[in-house]
Amino acid sequence: THLNNLEDALKAFKSSFKKNSQNHEALLQVGNLYKDLKKFDFALDAYRKHQKLFPNNTHGFYTEGVLKLRQKKFKIGWKLYEFGLKTKGRNPANGFYYERKTLWDGKPFNGTLLVYGEQGLGDQIIFGTILPELLERQENVILKVNKKLLPFFEYNFQNISVFSEEEIIPENEYEKYIAIGSLGKFFRNEISDFENSKFKKFFVPKISNSFKNVFSNSKPTIGLSWHSVNDKTGRNRSLTCQETATIINKSDCNFLNLQYGNIEHQLRKIQKITGKKLKNIPEVDLTNDITSISNLILKCDIVLTIDNTLAHLSSSLGKETWILLPSSADFRWFEKINKSPWYPSAFLFRQSSDRNWNKTIEEILNKINDYKKEK
């Protein structure tokens, strides 16, 4: 699958399951490959077969839930999404699996609710957009998030007690608990729930910095992120250095590096191809310093990014964010739409079915030209 030979992989996993009908992982992969080929009915058949043959293995229920959410079938989707907590596929913060308190049922109560962050920073940001509505229903809330996001959530929710994922919260501090991704089943069951959301955008404190006048010209400034470090899905989501350089070279704009992680080699390669048109601010820690990154984002006219943490951070800040999605995109971006219900400022570019970025890059270049004309 890493080589994009999905049809060959599908045949291999089908053969593997045929030879060994107890190989539940092969059957699950059959469903996942049909999903990535966008043959959703076949994917659903595989997941349902998995559920029937292996009822004690909850992966088949969770994967169906993710598929239903991708198709905007929210009620059944969120219900089955809960199985991700049993498979530990959703990976909530430290302490969740040792809880002795009551799991929250969505009803207001006298007392304090502990909300566990889960997955990566992107999930904590996207599901964090539900918190304004949660606070209207439940007054007292404690939130556990990744330590990088601690100041971000403290600034935006000053009436919430925010802790890092590693901290142990005494049991006498709260009465009930929930994982942050589970808030969807109470607050996001129709598209209208997104449209009527209390969330508009997040804010960050303005900081005085040395990068306020990075470019001396009046060209549009585009913040750029092209790489995902995810071992399983990163390759399909990322742009190559050459593809990234093509966007830079064919656009008469300023480009600012917003790519986090250990990418020095890639950065040098892109700068060599483009003649250093991609500006880097070495004094900003693009991996850990969310406040400085956010201030950089806000100085851009547009942020152009693949599906990674930056996509969620930039979109949540209300910045015009253009997101490149692979042919089979994550369920959080749904299907067949180019505007995100989660983030009003996000525009979605969807890769063609040949799993090649060339057509997408052309669409981006055209949209950049249209943007420049409008300005």
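Tutor: A salt bridge is a side-chain nitrogen of Lys or Arg within 4 Å of a carboxyl oxygen of Asp or Glu. The model here is a predicted one, and it holds 15 salt bridges.

Student: What makes Lys39 and Glu7 a salt bridge?

Tutor: The closest N and O atoms of Lys39 and Glu7 are 3.9 Å apart. The limit is 4 Å, so the pair qualifies.

Student: Why is it said that the pair ties together parts of the chain?

Tutor: Lys39 lies in the loop between α2 and α3, while Glu7 belongs to helix α1 (residues 6-19), so the bridge ties together parts that are 32 residues apart in sequence.

Student: Why is Lys39 called partly exposed?

Tutor: Its relative accessible area is 35%.

Student: What makes Glu190 and Lys75 a salt bridge?

Tutor: Their side chains meet with N and O 4.0 Å apart. The two residues are in distant parts of the chain, 115 residues apart: Glu190 in the loop between α10 and α11, Lys75 in helix α5 (residues 74-81). That distance is set against the limit of 4 Å, so the pair counts.

Student: Which class does Glu190 fall into, and which does Lys75?

Tutor: Glu190 has 40% relative accessibility and is partly exposed. Lys75 has 56% and is exposed, because exposed means over 50%.

Student: How do you know that Arg332 is buried?

Tutor: The relative accessible area of Arg332 is 10%, and buried means under 20%. Arg332 meets Asp330 in a salt bridge of 2.6 Å, N to O. Asp330, at 27%, counts as partly exposed.

Student: What makes Glu82, Arg90, Glu118 and Lys185 one network?

Tutor: They are joined by salt bridges that share partners.

Student: Why is Ile168 called exposed?

Tutor: Ile168 stands at 67% relative accessibility, and the cut-off for exposed is over 50%. Its place is in the loop between β4 (161-164) and β5 (176-179). Ile168 is 24 residues from Lys144 in sequence, and their C-alpha atoms are 9.6 Å apart.

Student: What makes β8 and β11 edge strands?

Tutor: The open sheet of six strands has the order β8-β7-β6-β9-β10-β11, with parallel pairing. β8 (278-279) and β11 (346-350) each pair on one side only, and that makes them the edges.

Student: How do you know that β6 and β9 pair?

Tutor: Four bridges join β6 (residues 221-225) to β9 (residues 302-306). At least two bridges are needed, so the strands count as paired. Leu224 has Leu304 in β9 as its bridge partner. By the rule of at least two, β6 and β7 also pair, since they have four bridges in the parallel sense.

Student: How many bridges pair β7 with β8?

Tutor: There are two, in the parallel sense, and at least two is what pairing requires. From β7 the chain passes through helix α14 (residues 264-274) to β8 in a right-handed β-α-β crossover.

Student: What makes both faces of β7 covered?

Tutor: On one side Asn254 and Leu256 are buried, and on the other Phe255 and Asn257 are buried.

Student: What makes β3 mostly covered?

Tutor: Five of the six residues in β3 (residues 140-145) are buried. β3 pairs with β2 (residues 112-116) in the parallel sense over five bridges, and four bridges join β3 to β4. In β4, Ser164 is the bridge partner of Val145. The chain goes from β3 to β4 by way of helix α9 (residues 150-156), and the crossover is right-handed.

Student: Which residues have the most contacts inside the largest nonpolar core?

Tutor: That core has 62 residues, and the ones with the most contacts inside it are Val115, Leu134, Phe152, Phe153, Leu183 and Trp342. Leaving aside neighbours within four places in sequence, the contacts of Phe152 include Phe202, Val204 and Ile290. Another core, of 26 residues, lies apart from the largest one and has Leu224 and Trp357 among its members. Membership in a core requires being buried, so these core residues are each under 20% relative accessible area.

Definitions and conventions. Residues numbered from 1 in each chain as written. Predicted model: local features only at pLDDT ≥ 70, side-chain atom pairs only at ≥ 80, totals over all residues. Heavy atoms only, no water. Buried < 20%, exposed > 50% of the residue type's maximum accessible area, 1.4 Å probe, protein only. Right-handed = clockwise from strand over helix to strand, strands pointing away. Core = buried A, V, L, I, M, F, W, Y, C linked by side-chain atoms within 4.5 Å. Contact = heavy atoms within 4.5 Å.
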